[in-house]
Amino acid sequence: MRDVAIIGIGMTEFGELWEKSFRELVAEAGVRAIMDAGIEGEEIDAMYIGGMSSGMFVGQEHVGPLAVEVAGLEDLHIPATRVEGACASGGIALHQGYISVASGMYDIVVVGGAEKMTDVAGGSATNILASASDREWEAFFGATFPGLYALMATYHMHKYGTTPEQLASVAVKNHYNGSTNPKAQFKRKITVEDVLKSPLVADPLHLLDCSPVSDGAAAAILAPVEVAKKYTDKLVRIKASAMACDTLSLHGRERFDALPAAIHAAKKAYEKAGVGPKDIDLAEVHDCFTIAEIIAIEDLGFVERGRGGPATEEGITSLHGEIPVNTSGGLKSKGHPVGATGIAQLNEIVLQLRGEAGERQVKDAQIGLTHNVGGSGGTAVVNIMEVI
Amino acid sequence: MASIVGYGAYVPRYRIKVEEIAKIWGKEAASISSGLYVFEKSVPGMDEDTATISVEAARRAVKSAGIDPKGIEAIYVGSESHPYAVKPTATIVAEAIEATPVLTAADYEFACKAGTAGLQNCIALVDSNMIQYGMAIGTDVSQAAPGDALEYTAAAGGAAFIVGKEGIATINDTVSFTTDTPDFWRREGSPYPGHGGRFTGEPAYFKHITNAAKMLMERCGTKPSDYDYAVFHQPNGKFPSRVAKMLGFEKEQIKDSLLCPWIGNTYSGSSMVGLAAVMDVAQPDQRIIVVSYGSGAGSDAFDITVTDKIEGIQRQGIREMLEDKEYVDYGTYMKLRGEFT
């Protein structure tokens, strides 16, 4: 297996981008990444595009050739594959791209993700997102994602004494981080009181405990480290890429206070990378709801099981804490165009590792991790990147 | 120069509170009220519709103008809730106020700005000497699907303005800003409108109102501080306050026209009832800017100067009329709205 580096990153702003179509989002993120890498389009060997449900959101499937066309690479007939794993689609695209470069099959590979979610009304978006749950045994019976994560939150509160204020402190931290990110959907700071006063969506989750519905796209260019040296001297290497799956439904799981798929993916990634949680300088984790970040930092081993809430409240995961989590603002503040999220997380880690994160730069960041989850935990992808 | 010679407004006396609606749907009334800046809305009585409200407003306008209704040679009724799909509301009004038969009449639809579109037509007909007096009405008994966010604001009411020459307020200029923007709609045969959620804000309401207002002020060589009153379409209490701030108007300038927090959004009636409330308090030489907004989408902006003649007419007392109210519960509200028939 060859070592794989990230030689370019690019993303659109996230938000309600009414003036930009799905196609334009794909094009913008792709062009930004290609320009960042300083490569010619003709050098691209293959593409992997993550997308959860462009079919239901904008009526567009067959995203591979769409990406080839907007890149102007139709004459080269390069292979482009759309991958789907709900909200982990972007992470899976990265995983697939990594495998294809590491194996020696391709040299220069574009990995990306895109979703345009705001063209449908709120109720439709909830229903489309519910297709990432078990339609037959969850969605048909009225379960929505806020509902499923609320169940996990209730259980976590019951078992470990996690409080609504601790949940809220995740949103407060991520909005603070997002306020310094020009690409973020919400750039306003909020307080614990704001979160607790916002309308209840699914008890105990309030509106400000939930990530938004967003439009956006992100992309990155992968290359073998040897080839990468031709293009850049700010080399960031993928130290490990691991993916794991579990039952589709929440009720089928062995436990509800954790995402076993995430634990498993993290374990494999740490083993492959030869590092442990203590070695990670910063992480972008899948905070689709505030409880999800609390469970994520426990699953990743950053804090002891059950300590996610107090640790967040104590500032351990804040921008200048022991292990900064979601410096980009996370899904909560930066926005969550589901298919794009995994690659947007990679964008932030690469920015940080290159030392280009500006106001929110984490000092001496050498190793960064992304944690991308599909559905209620049916899929999880963990990637570890390092500066070389 | 075309001028307002008379005005009248009518808002049904029934009200339902935001709390009462929120209770039914398990929502938090306080966050809805503060989010929308709306506390209660008007509800039409069982025998009230766009035709009866229009007639009521029209009669009051004729009375305030003190003219012979036979002199009214054009009537336009703007609404998105005309009682008939085919058969004009305007002829019902014309007959009721005894303006028939020598007049032109038509119904307009442009979401919430059909009334001001009619007003522009009356101005054109008067300025071109085709008619002596024209009447423009904006009225709605607006629809909202039970449980929809619109249910907290969709209200009933209307206003009528008679345009002639040398009246109580000179219309100095008018300009419109129009694009194809699908923020809110109701398909043929659908009982309730659909909408694009927050899409109804930035690219719709705010874009059109700010553009129309800026174009008007540029043409008139005016700035926000030149106006004593500003009237904006009021889909809720928040939007007009925010658009006023965006354009550089002070709270004081919109205070007299802002009725939505207490009567809801009267759709085609909204900006016109607001203007009527301003006519109740305006003094000679005061200047008014009015900007309507209709989804789909467009804004009509008007620059108006009040004349000495305002002192010679009987004001309508719209705010006093709004004080005479009766609260209903959700069940009664549904009955009055005809949801059980």
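Leaving aside its neighbours within four places in sequence, with which residues is M47(A) in contact? Two residues are in contact if their C-beta atoms, placed from the backbone, lie within 7 Å. On that criterion M47(A) is in contact with G64(A), A67(A), V68(A), I78(A), A80(A), V109(A) and V110(A).

The model is predicted: local features need pLDDT of at least 70, side-chain atom pairs count only at pLDDT 80 or more, and totals for chains, interfaces and linings use all residues. Residues are numbered from 1 along each chain as its sequence is written, while chains are lettered from A and ligands numbered from 1 in the order in which they are written.

Chain A holds an open sheet of 9 strands with mixed pairing, in the order β3-β2-β4-β7-β1-β8-β11-β10-β9. Strands (E, at least two residues) and helices (H or I, at least four) are DSSP runs numbered from the N terminus, and two strands pair if DSSP finds at least two bridges between them. Because β3 (80-83) and β9 (282-284) of chain A stand at the edges with a single partner strand each, one side of each is left without a neighbour in the sheet. Within the sheet, β4 (residues 109-116) and β7 (residues 215-224) of chain A run antiparallel and are joined by 8 bridges; G112(A) has A219(A) as its bridge partner in β7(A).

Helix α3 (residues 63-70) of chain A lies across β2 (46-50), β3 and β4 of chain A, at about 130° to β3(A). Such angles run from 0 to 180 degrees between N-to-C directions, with axes fitted to C-alpha atoms, for helices over the stretch in contact.

M47(A) also belongs to the largest nonpolar core, of 127 residues, where I6(A), M47(A), I221(A) and A265(A) touch the most other members. A nonpolar core is a set of buried Ala, Val, Leu, Ile, Met, Phe, Trp, Tyr and Cys residues joined through C-beta atoms within 7 Å; buried requires 20 or more other C-beta atoms within 10 Å of the residue's own, the C-beta atoms being placed from the backbone. Apart from this core lies another, of 115 residues, among them A160(B), I209(B), I254(B) and L275(B).

For chain B, the domain assignment, whose bounds come from an automatic or database source, gives domain 1 (2-168) and domain 2 (170-310). In chain B, 45 residues of domain 1 are in contact with 43 residues of domain 2. To the side of domain 1 of chain B that touches domain 2 of chain B, α5(B) gives the most, with 6 residues.

Conventions. Buried ≥ 20, exposed ≤ 12 C-beta atoms within 10 Å, placed from the backbone.
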